[in-house]
Amino acid sequence: MNDRMRIRLLILRVLVLSLLVTLGARLWVLQILDGERYRRVAETNRVREVVTPATRGMIVDDQGQPLVRNRTSLVISVNRSTIDRQSDKGRAVLDRLATVIGMPRADIEQRIRFCSATVKAPCWNGSPYQPVPVAKDVSSAQALAVIEHPDRFPGVSADLQAVREYPNGSLAAHELGYLAPVSQDQLDAQGGEKGYHLNSLIGVSGLEYTYDDALRGADGVERLEVDRFGRVAGTASTTDPVSGDHLVLNLDLDVQRAAEQALGKTLESLGGGARAASAVVLNVRTGGVVALASLPTYNPSVFVGGISQKDYSALSDPANGTPLLSRAYQGSAAAGSTFKVVSTAVAMQQMGAKGDEKFDCAPTLQVGDQIFHNFDGSSAGPITLHQSLVISCDVIFDKFAYDAWVADGGLRNGRGPYPEPKEYFVHMAEAMGFGSRTGIDLPGETSGAVVDRADAKKIWEELKDSYCRRAQNGYPEEPDPVKAERYRKYAAEACVDGYLYNAGAAVQFSIGQGQYLSVSPLQLATAYAAIANGGTLYQPTLAKATISPDGKRTKLVEPIVTGHLPVSPEILAYIRGGLQGVTTEAGGTAAGVFADWPSDLVPVGGKTGTAEVEGKGDTSWFASFAPANDPQFVVVVSIPESGTGAEYAAPVAKEIYKALYGVGQPAALPGGVPPADLPELGRDGSFGGGAGATAGPAPSAQGAAGQGTVVQGAVVQGAVAPGVAGPEAAAAGAVLPALWPASGPAAHSGTGPAAATSAAGGAGRSPP
């Protein structure tokens, strides 16, 4: 053996030894170091889970009336693990089943096939050991055909399952929300933490989403042992499902119904097109949401069992008014003259105006080359700020805004440096909650917009190139040549000096107009609630409490204070007095609407507003509170593309107040206050009148409300009407006598001066 062969043999021995050492080390890692982990994996591999969904908690209003509950449905299901073992893969069974339920076999096969990257719905996204529902709400005869002939339908079952039910149809749909199957992304991200399973239904909208953890409960899981062929050999463990908690709301079903009906009648009277409207009712003392209405709406039942692409597209289509969008908290617009409460606070708190001081309500105010007008060029002469609110004089607020703009350096495009601008109007608007989300317990809330000097420059920097292109190329898509040229001129001006915060923008801002202010009805309601209660901003909340399925455990949702208005109590009282004059004093812009209202019993303070939108009809606003001398509720109504605030929004608010206080009809809230107590959960699973845990500072209101009776998710008794309050009149806030028929008097527009409107660039005005 020569040296070369010895070296080769040595290398071979070293290589073999290295391989043996590596193999030994790997075996040690697998059997010793990671042995426990692999044992768990092996155990899991022979165990399959079958999930029993927990009964989801009900959602009820403040008096226990059901808004969302569960009902039982006869469901026919197919167990793939059983039929797949048949010689023909279950074809004969599925043919017989297709005849019973009236569904083609091909459709059944689609429903029971497993979802994958290449297999899309309809398919089954759950466990292969879980029976797959193929037909819901089948008849008793269809169910019996399966149950009584198990030899003909091996692997097919018929049983009762709980499904979501909305007993009031589309009422409060945006707030309630709906359920959908959990996605793979959600399973991967939160499946372990939240206990999701492949076939879990979770809240994806509204309260169903926000309070999903509480409502969903915990699913039951049966862990089945299977052999290497996938056949069930036994049960490893069983965990029973735990029902979800019930959710009690501040929302009142009857007030919500009154709001939606009043909005619906108004939209019907306007006619034509996909019109929208919204209304908000808040408890000024807690921030509780008593009603939150938006039209058009939809019926959440369309999502039960899955919604078709056609139906979903219709609900998302702007041509239909985008029914899935709630204008109450997801939409925003200029607030019109309802914003003048902010400007009054600025004038008195920061600019030294006195309550008894008089200011000239002239017909016009010239600012540079722009002339700003009161409505119809009317003039009231020297008047106080109180009277200015009552008749909605624009020019007085225009002058305050212009003076503040000049004091801040005007355009501020000359030689500097300039001191930090005070921007009183912007900062007061922000302090009242505009430009930021209120924090309501619903997903998708808009923040609106409050644009200051710095924001205006940032926006211009982002849009400058677009402005300049439009200035050169125009708007060929606009069929009206006059409009197209006007838009082109706007773009040309913005291209050159769009970064400047001009006097016209500042003046328009002070009366709730222009492109630098956009508020949602909910934001406006929150601000008016703070004015009404003496300066405290509350986070609006729909939820009042959660109650365990046995009724023994209650978790209250406490009121949340988010801020305090930087306005003295005396000034807030002055503003409230002016707003009360809007509905009661001669010349008040809503005095005609409330002419026959029992103001001696329930005085209403409010402000009309009419905001212009370029190329569209006016947005009608009315923001209000009652009783004006001891505020309990705020009501805000917004109706885009309608007309003046006094003509459309104010009459809707009046209808809501009639329902609240029982004017010409039974009171939705007897005594004029929200119920202080939570409804009790009875042994039969139904809710009764409030005599349980105290929730909130308001005094207790008497009167029971009906509700559906639910036993383990099965509705056995329908809803009944709430008790009718007594007809006697009492002090302010009590149930009122029937002073007129429920239809109420005709709406009247206000007579006070306001503003006419021009293009978006400068002196745009609108009626109050």
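Hi everyone. Before we start, please keep in mind that this is a predicted model, where local features need pLDDT of at least 70, side-chain atom pairs count only at pLDDT 80 or more, and totals for chains, interfaces and linings use all residues. Residues are numbered from 1 along each chain as its sequence is written, and side-chain values use heavy atoms, with hydrogens and water left out.

Let's begin with the whole chain. The protein chain has 23 helices and 29 strands; these are DSSP runs numbered from the N terminus, with helices being H or I of at least four residues and strands being E of at least two. Of its 768 residues, 49% count as buried. Buried means under 20% relative accessible area, exposed means over 50%, and partly exposed is in between, using a 1.4 Å probe and protein chains only.

What about contacts, meaning heavy atoms within 4.5 Å? Among contacts between residues at least 6 apart in sequence, 70% join residues at least 24 apart.

Now for the helix pairs. Two packed helices are described by the angle between their axes and the distance between the axes. Axes are lines fitted to C-alpha atoms, for helices over the stretch in contact, and angles run from 0 to 180 degrees between N-to-C directions.

Please find helix H14, residues 340–349, and helix H22, residues 569–584. How do they pack? Their angle is about 140 degrees, and their axes are 10 Å apart. H14 and H22 are therefore oblique to each other: under 35 degrees counts as roughly parallel, over 145 as roughly antiparallel, 65 to 115 as roughly perpendicular, and the rest as oblique. On the H14 side, Val341, Thr344, Ala345, Met348 and Gln349 meet Ile571, Tyr574, Ile575 and Leu579 of H22. Sorted by class, this contact has 7 nonpolar, 2 polar and no charged residues. Here Ala, Val, Leu, Ile, Met, Phe, Trp, Tyr, Cys and Pro count as nonpolar, Asp, Glu, Lys and Arg as charged, and the others, Gly among them, as polar.

The second pair is helix H18, residues 453–473, with helix H19, residues 481–497; they pack at about 135 degrees, with axes 8 Å apart. That makes H18 oblique to H19. In H18, the residues Trp460, Lys464, Tyr467, Cys468, Arg470 and Ala471 meet Arg488, Ala491, Ala492, Ala494, Cys495 and Val496 in H19. This contact divides into 9 nonpolar, no polar and 3 charged residues.

Next, some backbone details. Which residues does a cis peptide bond join? Another pair is Ala626 and Pro627, with omega about -15 degrees; look for Pro627 in the loop between strands S24 and S25.

Ala172 is not a glycine, yet its phi is positive, at about 60 degrees. You will find Ala172 in the loop between strand S5 and helix H7. Is Ala172 buried or exposed? With 2% relative accessibility, Ala172 counts as buried.

Finally, back to H12, where we find Tyr312. At 35% relative accessibility, Tyr312 counts as partly exposed. Leaving out residues up to four places away in sequence, Tyr312 touches Tyr178, Phe303, Ile307 and Leu324.

Definitions and conventions: Contact means heavy atoms within 4.5 Å.
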